[in-house]
Each structure stands twice: as C-alpha cells, then as structure tokens.
Amino acid sequence: MSYFVTGGTGFIGRHLVRELAARGEPIHVLVRPASQAKFDSLVRACGDRGDLLKPVFGDLAQEALGIAERERVALRGRIHHFFHLGAL
C-alpha cells in the first residue's frame, strides 16, 4: 500500500504525514521546488520513518499537478490512497 499527499508540508498535512509514516508504508508527497526545505523538515520530523517519504516535485496550480510525465508513469498503479490537503 502507498499514499500520495498534496499539502503534506502544510499545517494540517504534516500531521497526517507523520501519522501515515507510523504505518510503515511509502508516502509520496507533492512538493513545490520552493518548498524543499519544508519537505526536508518533515522527513526529519518522521524520525526513523522519514525514509518512507518520497518527494514528487510539482505544483497544484499546474495541469496534471505539474508532475513530469515520466514520474506520473512511474507512479501509475502504485498509489492506493490519495489525500488532497493542498491549499488550492
């Protein structure tokens, strides 16, 4: 099982991501390039489960979440739960 979270670096999202990390499954987090530092902080906050977090670079304001085609193909069929907590 794996998860995809938009808004994972935000106020509510970071709490959800920490709870999901405790389950021990991969978590793909949509991250704007400008929010890399917030993602890095989230990884640290998850402690020894931080390695479960996988950044997916994109932007909610863009078509297809701004995710590169090859990344979308790689994720296809691998996401079991999608949480949309982004501000847009």
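Predicted model: local features only at pLDDT ≥ 70, side-chain atom pairs only at ≥ 80, totals over all residues.
**Notebook: surface, sheet and salt bridge**

Residues are numbered from 1 along each chain as its sequence is written, and side-chain values use heavy atoms, with hydrogens and water left out.

**Entry on Ile 12.** I located Ile 12 in the loop between strand 1 and helix 1 (13-21). Helices (H or I, at least four residues) and strands (E, at least two) are DSSP runs, numbered from the N terminus. Ile 12 is exposed, at 57% relative accessible area; the classes are buried (under 20%), exposed (over 50%) and partly exposed in between, with a 1.4 Å probe and protein chains only.

I then traced an open sheet of four strands, in the order 3-2-1-4 and with parallel pairing. Strand 3 (53-57) and strand 4 (81-84) each have a single partner strand, so one side of each lacks a neighbour in the sheet. Strands count as paired if DSSP finds at least two bridges between them. Strand 1 (residues 3-6) and strand 2 (residues 27-31) run parallel and are joined by three bridges.

**Entry on His 28.** I asked which residue of strand 2 stands opposite Phe 4. I found His 28 there. His 28 is buried, with a relative accessible area of 4%. Leaving aside neighbours within four places in sequence, I listed its contacts, among them Tyr 3, Val 5, Val 56 and Leu 75. Contact means heavy atoms within 4.5 Å.

**Entry on the salt bridge.** I found one salt bridge in the structure, defined as a side-chain nitrogen of Lys or Arg within 4 Å of a carboxyl oxygen of Asp or Glu. The side chains of Glu 69 and Arg 72 form it, at 2.3 Å from N to O. Because Glu 69 and Arg 72 are three residues apart in helix 3 (residues 69-75), about one helical turn separates them. Glu 69 is partly exposed at 44% relative accessibility, and Arg 72 is partly exposed at 28%.
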